[in-house]
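Subject: Structure handover

Hello,

Here is the structure you asked to look at. My notes follow below it.

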Protein chains: 2
Amino acid sequence: MIIVKGGVTAPRGFLANGVKAGIKESGKKDLALIYSEVQAVCAASFTTNSFSASPVKVSKDHLKSRFHQAIIVNSGNANCANGRDGDKKAALMAGYIAQTMALEPGEVLVASTGIIGRPLPVSRIERAIPSLVSGVSRSGGGAFAEAIMTTDTVRKEFVVKVKIGHSTVTIGGACKGVGMIYPEMKVARHATLLCFITTDADISKKMLEKALSGAVEESFNMISVDGDMSTNDSCMVMANGLAGNRPIRRAGHDYDLFIGGLKYLATELAKMIARDGEGATKLVEIEVSGAASLSDARRAARKISTSNLLKCCIFGEDPNWGRVVAACGSSGIRIDPDRVDVFLGEIKALSNGTIAKGYDKEKARKYFREKDVKIRVSLKLGRHSAVAWTCDFSKEYVEINSEYST
Amino acid sequence: MIIVKGGVTAPRGFLANGVKAGIKESGKKDLALIYSEVQAVCAASFTTNSFSASPVKVSKDHLKSRFHQAIIVNSGNANCANGRDGDKKAALMAGYIAQTMALEPGEVLVASTGIIGRPLPVSRIERAIPSLVSGVSRSGGGAFAEAIMTTDTVRKEFVVKVKIGHSTVTIGGACKGVGMIYPEMKVARHATLLCFITTDADISKKMLEKALSGAVEESFNMISVDGDMSTNDSCMVMANGLAGNRPIRRAGHDYDLFIGGLKYLATELAKMIARDGEGATKLVEIEVSGAASLSDARRAARKISTSNLLKCCIFGEDPNWGRVVAACGSSGIRIDPDRVDVFLGEIKALSNGTIAKGYDKEKARKYFREKDVKIRVSLKLGRHSAVAWTCDFSKEYVEINSEYST
C-alpha cells in the first residue's frame with residue numbers, strides 16, 4: 001500500500017468540481033459534484049438518527065439502482081426538518097444532475113450539510129448546475145473537498161494505492177465535518193460527517209457494501225468531536241472498475257487487500273476530522289484493551305472519548321486522569337476496578353485500580369503538552385480492544401457553536 | 001406544603017457543622033458533619049459508576065445498620081482510585097466520629113468530593129475532628145452547606161414543611177455539585193453530586209428508601225451539567241421521628257404527603273445544581289411529552305439535555321432548535337419525525353416535523369435572552385412525559401475544567 005497526494009479524482013475515470021451557488025452566507029464554495037465517466041457500483045452508510053435529513057432519505061432510495069455515476073453535495077444547509085418540501089428539493093438536486101448529464105435520477109446520490117430547519121434555496125442550486133457540471137475535471141478533487149466544508153479549517157483528502165494481482169487499485173477520499181460529530185452510521189439500509197470515497201477497483205456492489213461497513217465501524221464510527229449525532233451523516237463509496245483488477249466478487253485475498261486499503265484511508269480521514277474538530281488543538285487517541293468483548297471495548301473507548309471533563313483538561317494540558325477512570329466506570333461495561341491500568345502515552349498512571357508507584361505528575365504534564373495525546377486503559381479481563389479518536393475541548397468550541405445560526 | 005429558609009438543621013433534633021481541615025489548597029472549609037440527637041433511620045442512593053469511590057463502598061456497608069446518627073463529609077478529595085488505602089481511610093473517617101461521639105462506626109455514613117486519584121490526607125481530617133464535633137449546633141446548617149462545596153458558587157439549601165395529620169414534618173436539605181454532573185443513582189444497593197436530607201418525620205427505613213428512590217429518579221437523576229457521571233454521587237436522607245407524626249409504615253395518604261414534600265425539595269435542590277453548573281449563565285428545562293413510554297420520555301429528555309451543541313447555542317442566545325431535533329432523533333426512542341412539535345417557551349418552532357408556520361426567529365432570539373429557558377418536545381405518540389434540567393455551556397466551563405487539578 002502506498003500513499004499519494006490527491007483526493008476523489010485520483011482513481012481512474014473520476015471527475016469532480018466545486019462551485020459557489022450562494023447557499024453559504026459567507027459566499028464561499030458550497031456546491032460540489034463527483035462524476036464517474038463510466039457506470040460504478042455504489043455503497044453508502046448513513047446516520048441512524050430518527051430525524052434523518054431529506055438527502056439521506058433520497059439517497060437511500062436511489063441506492064436501490066444497480067449503478068451510479070454522480071454524487072451532488074451542498075454545504076451551508078442540511079435540508080433537514082423541512083418536511084415534504086425538503087424531500088422534494090433533495091430529489092430535485094439529483095434530478096438536475098440527471099437531466100444535465102443524461103443519467104437516470106436514481107443514478108445520482110445526494111448529500112447536504114449545514115444548518116437544520118431552514119428551507120433549502122434550491123433555485124440557487126439550479127442556477128449553479130451548468131457551471132458545476134461543465135467544470136468537472138480530473139483536477140477538480142480539491143475544489144470538491146473545499147465546497148463540502150462548513151466550519152472545517154482544512155480540506156480533508158487522502159489517497160492510497162493497493163496492488164491487487166497485477167493491477168494497481170487506487171482509493172481516493174474526501175470528507176468534512178468538525179462539529180456535531182458522533183457518528184453511528186449503518187450501511188445503506190445509514191455526521192454531519194460527509195465522506196466520499198472513489199475507487200477504480202472492480203468490485204461487486206455486495207462486497208463493496210461489506211467492505212464499507214467494516215471500514216466505517218473501525219474509523220468514522222469511532223470518532224467524536226462533541227458527542228452530538230447528526231441528522232445528515234453520510235459516507236458514500238463509488239467503484240467504477242477501471243483499474244482492471246480481477247473482479248472482487250467474494251471474500252478472499254483480493255478482498256482483504258482492498259478492505260485493508262479502504263480501512264487505512266477511512267481511518268486517516270476520520271483522524272483528520274477529529275484533529276480539525278471545532279476549536280481543537282490536539283488529536284486524542286483512546287485505546288481500551290483487555291475487554292471481555294469487542295462491544296465492551298468499543299463502548300468504553302467511545303464513552304471516554306466523549307467526556308467533556310477529560311477533553312477540557314487535555315485542552316488545559318492538565319493530566320487529570322481521574323476523569324478517564326470516571327468515564328470508563330460510567331460506560332456500563334464489565335470492569336474489575338482493582339485490575340485496571342491507565343497509561344498516558346508510556347506513563348503508567350493507574351495500576352490495578354490505584355495510583356501507580358513512581359507516577360510522576362510533572363512527566364505526565366510534559367506529555368500532555370504534545371499535539372497527539374494517547375490514553376490507554378487496560379482492563380485485563382479479556383482479549384478485545386478498540387480505539388476511538390477525539391479532540392480536546394476549547395473555549396473556541398463554545399465560541400464557534402454559540403453563534404452558528406446567526 | 002410551605003417553604004421556609006434553612007437547611008439540614010431545620011428539622012427537629014439535627015445539628016451540623018463545617019470546618020477547615022486543610023484538605024482544599026484554597027484553605028476554605030472542607031470537612032462537614034450532620035448529627036441527629038436521637039437515632040434515625042437512613043436511606044441512601046449512590047452512583048452506579050463501576051469505579052465507585054471508597055466512601056461510597058464504606059457507606060453502602062454501613063447502611064446495613066438499622067439506625068444512624070451522623071454523616072461525615074469532606075470536600076477537596078474524592079478518595080477514589082485509591083485502592084485499599086482509600087477504603088481504609090474512608091472507614092477511619094467514620095471511626096473517628098464514632099469514637100468521639102460514642103456511636104458505632106456503622107451508625108456513621110461517609111461522603112467525599114473533589115479530585116480523583118490523590119491519597120486522602122486523613123491525618124488532617126483526624127486533627128480537625130475535635131473542633132468539627134464540638135462545634136455542631138442548630139445553626140450549623142449553613143457551615144455544613146459551605147464545607148461540602150467544590151466549584152460551587154453558591155450554597156444550596158432548601159426546606160419544606162408538610163402537614164401530616166396533626167403534626168408538621170420538616171424536610172431540610174443541602175447539596176453540592178456543579179461539574180461531573182450526570183447522576184444515575186440507585187438506592188443503596190448506589191454524584192459528584194452530594195445531597196444530604198434530614199427530616200424529623202417518623203417513617204420506617206423501608207418506606208424512606210422507597211420515597212428516596214422515587215424522589216431521586218425525578219430530580220437528581222434528571223439533571224446534567226456535562227454528561228460526566230461521577231464516582232462519588234451520593235444522596236442520603238436521615239429521618240429521626242421527632243415530629244411525632246403518625247408513623248409512616250406503608251403506602252397511603254401520609255406517605256403521599258411525605259413523598260410530595262421530599263420530591264419538591266429534591267427537585268428544587270437539583271435545579272439549584274443545574275443553575276449553578278460550572279460556568280452556567282442559564283437554567284434550561286427540557287420537557288418531552290407524548291412519549292410511548294416513560295423510559296422513552298426520560299431517555300429523550302436526558303439526551304437533549306446533554307447536547308453540547310444545544311448548550312452552546314443557549315449560551316450564545318441563538319435559538320438554533322435544529323440541535324434539539326438532532327439530539328432527540330439520536331436518543332434511540334420511538335419517534336415519528338413527521339409528528340414532532342418543538343416549542344421554545346411558548347413559541348412553536350417545529351410543527352409536525354417541519355418549520356412551524358409563522359415561526360418568528362427574532363421572537364425566539366428574544367426568548368433565549370431570558371435566564372430560564374424552557375424547551376418542550378411533543379412526540380404525539382403516547383401519554384408519557386419527563387422533565388430534565390441542565391445549564392448552558394460557556395467558555396468559563398472550559399476554563400474551570402482545563403486547570404482543575406493544578
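Which residues of α1(A) and α2(A) meet? From α1(A) they are S54(A), P55(A), K57(A), V58(A) and H62(A), and from α2(A) they are G86(A), D87(A), K89(A), A90(A), A91(A) and A94(A). Please keep in mind that this is a predicted model.

Helix pair in chain A

The two helices cover residues 54-62 (α1) and residues 83-101 (α2) of chain A. Two packed helices are described by the angle between their axes and the distance between the axes. Here the axes come within 8 Å and cross at roughly 55 degrees. An angle from 65 to 115 degrees would count as roughly perpendicular and one under 35 as roughly parallel; α1(A) and α2(A) are therefore oblique to each other. The crossing of α1(A) past α2(A) is right-handed. Sorted by class, the residues in this contact are five nonpolar, three polar and three charged.

Domains of chain A

Chain A splits into domain 1, residues 2-274, and domain 2, residues 283-402. Taken over C-alpha atoms, the centres of these two domains of chain A are 32 Å apart. Where the domains touch, domain 1 of chain A gives 11 residues and domain 2 of chain A gives 13 residues. On the domain 1 side of that contact there are six nonpolar residues, four polar and one charged.

Strands in chain B

In chain B, strand β15 (residues 372-378) pairs with strand β11 (residues 283-291) in the parallel sense, over seven bridges. In this pairing, L283(B) is opposite D372(B) of β15(B). Strand β15(B) also pairs with strand β12 (residues 341-344) of chain B; these two run antiparallel and are joined by four bridges. There, F343(B) lies opposite R376(B) of β15(B).

Regards

Conventions:
Residues numbered from 1 in each chain as written. Chains lettered and ligands numbered in written order. Predicted model: local features only at pLDDT ≥ 70, side-chain atom pairs only at ≥ 80, totals over all residues. Pairing = 2+ DSSP bridges. Axes fitted to C-alpha atoms, helices over the stretch in contact; angles between N-to-C directions. Parallel < 35°, antiparallel > 145°, perpendicular 65-115°, else oblique. Left-handed = near helix turned anticlockwise from the far one by under 90°. Contact = placed C-beta atoms within 7 Å. Nonpolar A, V, L, I, M, F, W, Y, C, P; charged D, E, K, R; others polar. Domains from an automatic or database assignment.
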